[in-house]
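Hi,

Here is the structure I promised to pass on.

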Amino acid sequence: MLKVTNLVAGYGKVQVLHGISLEVEKGTLVTLIGSNGAGKTTTLRTLSGMIKPSAGSILLGDREIAGLDAFKIARRGLAHSPEGRRVFPTQTVADNLLLGAFPRLTGARPKNDVMADRDRMFALFPRLAERRGQLAGTLSGGEQQMLAMGRALMLEPEVLLLDEPSMGLAPKLVAEVFSIIARLKAEKITMLLVEQFAAAALEVADFAYVLENGRIAASGPAATLKNDPAVRAAYLGAAHASAHV
Amino acid sequence: MLVKTAIRTLIVAALVIAPFAVTSPYYLHLLVTIAIFAIVALGLDIVFGYTGEVSIGHAALFGIGAYTAGCLVMHFDLGFWPSIVLGPIVAAAFGGLLALPALRVTGPYLAMVTLAFGTIVQILINETVDLTNGPLGIKLNTPFFLDLRDYGDTWSILDMSLKRMRDVEYFYVTGIALLLAVLVINRITASRFGRAFEALRDAPIACDCMAVSVYRHKVMAFIISAAFAGFGGVLFAFSEQYIAPNTFSFDLSVQFLLAVTMGGRKSRLGPILGATIVVFLPNILADIALFRIVVGVIAAIALCVGLYAVLRRRDLLPKLAPPVALCILFFVLALTMRSITDFRLSIFGLMILFVVYFLPDGIVGAAKILLRQITPAFRKRHASTQAEGEASHAITVTTDAVSADALLEVRTAVMQFGGLRALDKVDLAVTAGTIHGLIGPNGSGKSTMMNLLSGIYTPTSGEILFEGRSIAGLGSSQIAGRGIARTFQNVQLFGELTLLENVLVGLHHSYKSTLLDVVLRLPRAIREERAARQRAADILSFVGLRDRADEEARNLPYGKQRLLEIGRALALDPKLLLLDEPAAGLTAPDIADLIAIIKAIRARGISVILIEHHMDVVMGLCDVITVLDFGQKIAEGQAAAVQANPRVVEAYLGGAVAA
Amino acid sequence: MNILAQLIVSGIVVGMIYGVIAFGYQLTFSTSKTLNFGQGEALTLGALVGLSLVWFLTARGLGIGLAYIVMLPLVLMFGLAQGAVVERLGVRQAIKNKSEAGWIMATIALGIIFRNIAENLWGRDALKFPSPLPEIAIVVGPVRIQPMEVVIVLGALAMMLAVEAFNRKSIFGKAVVATASDRDAAGLMGINTGLVITFSYALSSMAAAFAGVLIAPITLAGATMGGVLGLKAFAVAIIGGLSSGLGVVVGGLILGITETFTGYYISTGYKDVPGLVLLLLVLALKPTGLFGKAVIKKV
């Protein structure tokens, strides 16, 4: 569904990604793990067009999307729940969800039943249903994360990019977020998940890539990588270190 | 350097010879006007070019200078010399009045306020008839002076009677004034003040965190700039010998802006060149034949330069083709036009658009870039002091008797953003002379804590005590002044400054010399600058970047940029250094350097708070580690104890999921 | 007492005009952090195009009232187009280059060009704009009000409410608000944020053109009519805060009433002065404007 080949990108003169290649099969959940500053978020930002790549190819389905503006990529069906959630703080929860379906409401993507989908999101995230009329800026961090995920799902995306959905959340909420990701996986939604909690991500994913200094350092089925001692040592960080103590 | 000296000599020579070459009083007067406009444009460049703020009120400040002269002449019968002193002072005072409120906010506010100010000043000049003679204007005479040309004939040196200055003498007066303006501005821009002006534009937050108040320096730049406008205004009043309110209009302000942009910002030659064009413009636009010739010549030059550049570098074609084509098109348009008098303003507007689109760096800037692209060897940057130094003296701590008590104490700090509680009643105590680690998953509140400690945020509630005194609610630059320095997660260097200059901005606080010392080049200023450069070079040695001192910071590789940021922070002589993910994005050898540097910093008695994700760095360096999760402190203690803490393990694994 | 009420009413009328123009500044500032320094010229062109249309239509035998009504949608469309031109020519490139000086100078330049065009097409003298309503004052208690003045206040309010309703209710309006609060995130929603910014400029100029045809019947229409109005609206936008819809109305009223009082009790020559004084005071005391919200710095 998503095939990335030799992607090079960065900010200004600082090159962060030095030729990334990865693939996300339709209906699978792939995770991208790696230490801070390895380029995980940059990868997602480049895929969704927030950053223009300086080289490489990104195929969504069989169409090239590298270099397109972000809004065009979204209209092709790539949804991105960005790092830091980025909900629209001055608009209500319900409106935030509607905005996620903007291409559907304006004819750029098949419309189907937007309102029914919004109700599905409220069913998936009951906390949001309670707060549908509330301004998004007044939500707690966990609720904002759910809103950001729901908003991205409203696109009826071909591929969903999730950037650090656990960031800044209390452990209980992290568990909740991961159970939702597992449910989406069961619904055969194609996802690329970036996570700092490598162990949790490997638990839920089908396939994983390990990013190191802007390059893919390792890849394989998530179950295999989870037990790879080298990967554990390098990327499970303090968790691994403390696991021995 | 050689080119610069040659150009300077040429300009001075041209100034001396001009009155002999240009005998027509009309053109001599134009030259005087150019010099005056150049002075205003050079002053405007300090605000516009260096600090990056836009002023559309310089015509008003110029008018205030002129009217100060007019009023002194009309009411007190005081002449040129008192005016030339008072004019800049009055204009500077008005400049301060505007800038103090307007620059509290970033964005287009200064532009808007100065635009309004310009209109109001015109109204006030028109209305306060008693003071300014209203719309009728004021007549002035040229100043008294020794009549130079009498001496040639009579050699009556004893005849010291003063006579009214004639145009040639006045030309020299303005010429000298222009040279003085260039000299003064050169000195200011080369001083710590000039560096501050440039730094605050590149990275305002970092600038504040170097104890260099962005607000204060912007206001200062504006006041200096206003003083030059007033200075030009006085010269203008005595040159025209008649002033009326209509002269000092919005259009004139735009002309000054155009002069700076078109000539080229951040240079001396640029504004002078721009002023020349702007002053000649009305003459060109008054005569269709002359207009066609000038446009034709410009089109020809554009074509030649474009062709030459494209022949040397093929890839420049798409960039150069549109402006060259437009120049030629404009020439064709000029040939078909019957009259231009009605379209003067439109042509003026089109010129501005052309400059904004195709000459954003001005003529001088574009020439430099073009030269650099065609001949890669053409690179410049002023030489630094090449003095050899001993790095170990570079870093000093001025703690008054380091006590075992907490250097920094945070009590129940809360930071709330809308519905998000980024920090929830966090306590933190940092003992002097230690490295204190701050770790936790992403979004746990570490960076928020850094921003609280460096004054970028004000806590919603709670206390922050540094050396026993509260710093909560102080501004970044005040906190930096107390001795807390920081680096940034996403590196914030002053990109257009050299490495040495970046560190010198950090040393800003160590200077005592005032603006006046700098302008007059008093020994104190020279001595301090030399000492600071020496220290900056030592600090660069300390972080291992000495050999690249004269490169622009933005050209450094990422890893070195992080080291430079630490060097810049050390220049502040901090007691506490906040390092926000210093190892992020670094390669293994860079990290080894970094660890050595942080250890050396602690050895010199500077306390450090370290946020870092590389656990080996944290565990190897930190004396105490605090773990944050979800805005709360969940553990604190020595490395081994923290690692063993089950709550920490849980936080890092993401709770029950992975357990 | 009589005169006091009369001054307040006159102040409200002028204030609403300032409010509409300032509202236009807000529209573009919220989406793109830029604004049109040639906004006054957008007002001028709107009024003059409106005048020509009214001339044309009355010459075809339409009554002045009907001509005015037929003219309105055409002028609004002209305003939309003019604003779009300003954004495409003056602002787009500067936003891309992140050059603040660039858009300020470019919009000033476009303003100068538009003023020059107006001078060439309609002459340098101020022209009488025929009033669509009888110019007989209505007497309400101690106050005399021109019917056109009532139209100005109602029209201004209607315009602002219509845009607000559009922003709240329609999906396109929601996209505008989304772009204003987070441009990158809006792009991820499939919103063409560049187009939204062009659109906000179009709306902004439309508001100014509308203000032009509202005020022209009680003043005069001419190439220089917009300059000072645009400037006053700056003051209003800052006084009210560049982020608050209510702010521009209140700011406009404050400035309008202050001006009529200054004009009456001090001198008409000074009536433009309080704007700047208020502007500086607000910036000194509450830089985000009376109704503005503080912004959280991102590091």
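First, some housekeeping. This is a predicted model, in which local features need pLDDT of at least 70 and side-chain atom pairs count only at pLDDT 80 or more, while totals for chains, interfaces and linings use all residues. Residues are numbered from 1 along each chain as its sequence is written, and chains are lettered from A and ligands numbered from 1 in the order in which they are written.

**Chains A and C**

Chain A has 12 helices and 10 strands. Helices (H or I, at least four residues) and strands (E, at least two) are DSSP runs, numbered from the N terminus. With a radius of gyration of 18 Å, close to the 18 Å that the globule rule gives for 245 residues, chain A is as compact as a globular protein of that length. That radius is taken over C-alpha atoms, and the rule is 2.2 Å times the number of residues to the power 0.38. Along the principal axes, the C-alpha atoms of chain A fill a box of roughly 45 × 45 × 35 Å.

Chain C is built from 11 helices and 2 strands. Reading from the N terminus, its elements go α-α-α-α-β-β-α-α-α-α-α-α-α. Its radius of gyration is 19 Å, which agrees with the value near 19 Å for a compact globule of 299 residues. The box for the C-alpha atoms of chain C is roughly 60 × 50 × 35 Å along the principal axes.

**A sheet in chain A**

Four strands of chain A make an open sheet with antiparallel pairing, in the order E2-E1-E4-E5. (Two strands pair if DSSP finds at least two bridges between them.) Strand E2 (14-24) and strand E5 (63-64) of chain A are at the edges with a single partner strand each, so one side of each has no neighbour in the sheet. Inside the sheet, strand E1 (residues 2-11) and strand E4 (residues 55-60) of chain A are antiparallel and share 5 bridges. Which residue of E4(A) is the bridge partner of Val8(A)? That would be Ala55(A).

Helix H1 (residues 40-47) of chain A packs on this sheet and touches E1, E2 and E4 of chain A, and its direction makes about 70 degrees with that of E2(A). Here and below, contact means that the C-beta atoms of two residues, placed from the backbone, lie within 7 Å. Axes are lines fitted to C-alpha atoms, for helices over the stretch in contact, and angles run from 0 to 180 degrees between N-to-C directions.

**A sheet in chain B**

Chain B has an open sheet of 6 strands with mixed pairing, ordered E10-E11-E12-E7-E13-E14. Its edges are strand E10 (484-486) and strand E14 (632-637) of chain B; each has a single partner strand, so one side of each is left without a neighbour in the sheet. On average, neighbouring strands of this sheet are turned by 20 degrees against each other, direction ignored. Strand E11 (residues 576-580) and strand E12 (residues 607-611) of chain B run parallel, joined by 5 bridges. Within that pair, Leu578(B) stands opposite Ile609(B).

**Helix pairs in chain C**

Helix H3 (residues 64-96) and helix H8 (residues 193-215) of chain C pack at about 135 degrees, their axes 6 Å apart. They are therefore oblique to each other; angles under 35 degrees count as roughly parallel, over 145 as roughly antiparallel, 65 to 115 as roughly perpendicular and the rest as oblique. H3(C) passes H8(C) in a right-handed crossing. A crossing is right-handed if the near helix is turned clockwise from the far one by less than a right angle, and left-handed if anticlockwise.

Helix H9 (residues 225-240) and helix H10 (residues 245-265) of chain C pack at about 125 degrees with axes 8 Å apart. The crossing of H9(C) and H10(C) is right-handed.

**Between the chains**

How many residues does chain C bring to its contact with chain B? It brings 39 residues, and chain B brings 40. On the side of chain C that touches chain B, H4(C) gives the most, with 15 residues. By class, that side has 26 nonpolar, 8 polar and 5 charged residues. Ala, Val, Leu, Ile, Met, Phe, Trp, Tyr, Cys and Pro count as nonpolar, Asp, Glu, Lys and Arg as charged, and the others, Gly among them, as polar.

Over to you!
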